[in-house]
Amino acid sequence: MSAATPEADDFTRTYWAAAAAGRLLIRRCGACGEAHHYPREFCPHCWSEDVAWERATGRATLYTWSVVHRNDLPPFADRTPYTAAVVDLAEGPRMMTVVVECPEAELRVGMELEVAFREEGEGGVAVPVFRPRCPTTPSV
């Protein structure tokens, strides 16, 4: 297992299974209605434990980014340069990710993105990444 390969546990197994099937999940609170990501067993807004998995649309906008030109940790060294980013999911939460299939010169705050999934490691773990959204692409 490498630094880029997440480890599933009993709680996150649902999230990683959905990602392997090409679906992005978030958590939504039944008490206050707020969505959040990264997945937690409680709501970070009101602390309620009344939270459930919800399928996200896969749409996002670019909030900020940084192009990484040097990273000595495997497997990242082989991927440089890459775009580390924070995106605003359509459902509200912000998510740390990587933007793919987009040259640095074309990155813009607020640009529309869509989720894609990149296989990591030997176990076939699918990690959500984002790419520029094609106007005719259906929601994930």
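Buried means a relative accessible area under 20%, exposed means over 50%, and partly exposed lies in between, with a 1.4 Å probe and protein chains only. The structure is a predicted model, in which local features need pLDDT of at least 70 and side-chain atom pairs count only at pLDDT 80 or more, while totals for chains, interfaces and linings use all residues. Residues are numbered from 1 along each chain as its sequence is written, and side-chain values use heavy atoms, with hydrogens and water left out.

**Exercise 1.** Determine how many salt bridges the model has, and describe the pair Asp72 and Arg70.

*Solution.* Apply the criterion, which asks for a side-chain nitrogen of Lys or Arg within 4 Å of a carboxyl oxygen of Asp or Glu; the count is then nine salt bridges. One of them joins the side chains of Asp72 and Arg70, with an N to O distance of 3.3 Å, and both of these residues are exposed.

**Exercise 2.** Locate the partners of the salt bridge between Glu101 and Arg131, and classify the exposure of each.

*Solution.* The side chains of Glu101 and Arg131 meet at 3.9 Å, N to O. This pair links distant parts of the chain, 30 residues apart, since Glu101 lies in the loop between strand 6 (94–99) and strand 7 (112–120) and Arg131 in strand 8 (125–132); helices (H or I, at least four residues) and strands (E, at least two) are DSSP runs numbered from the N terminus. Glu101 is exposed because its relative accessibility is 60%, whereas Arg131, at 26%, is partly exposed.

**Exercise 3.** Describe the lining of the largest pocket.

*Solution.* A pocket is an open set of points on a 1 Å grid over the protein atoms alone, with protein on both sides within 12 Å along at least five of seven lines, and its lining residues have an atom within 4 Å of a point. The largest pocket is lined by 23 residues, and Trp16, Met96, Thr97, Val127 and Pro128 lie nearest its centre. Strand 6 gives the most to this lining, with five residues.

How values were computed
On a 1 Å grid over the protein atoms alone, a cavity is a set of points where a 1.4 Å probe fits but cannot get out, and a pocket is an open set with protein on both sides within 12 Å along at least five of seven lines; lining residues have an atom within 4 Å of a point.
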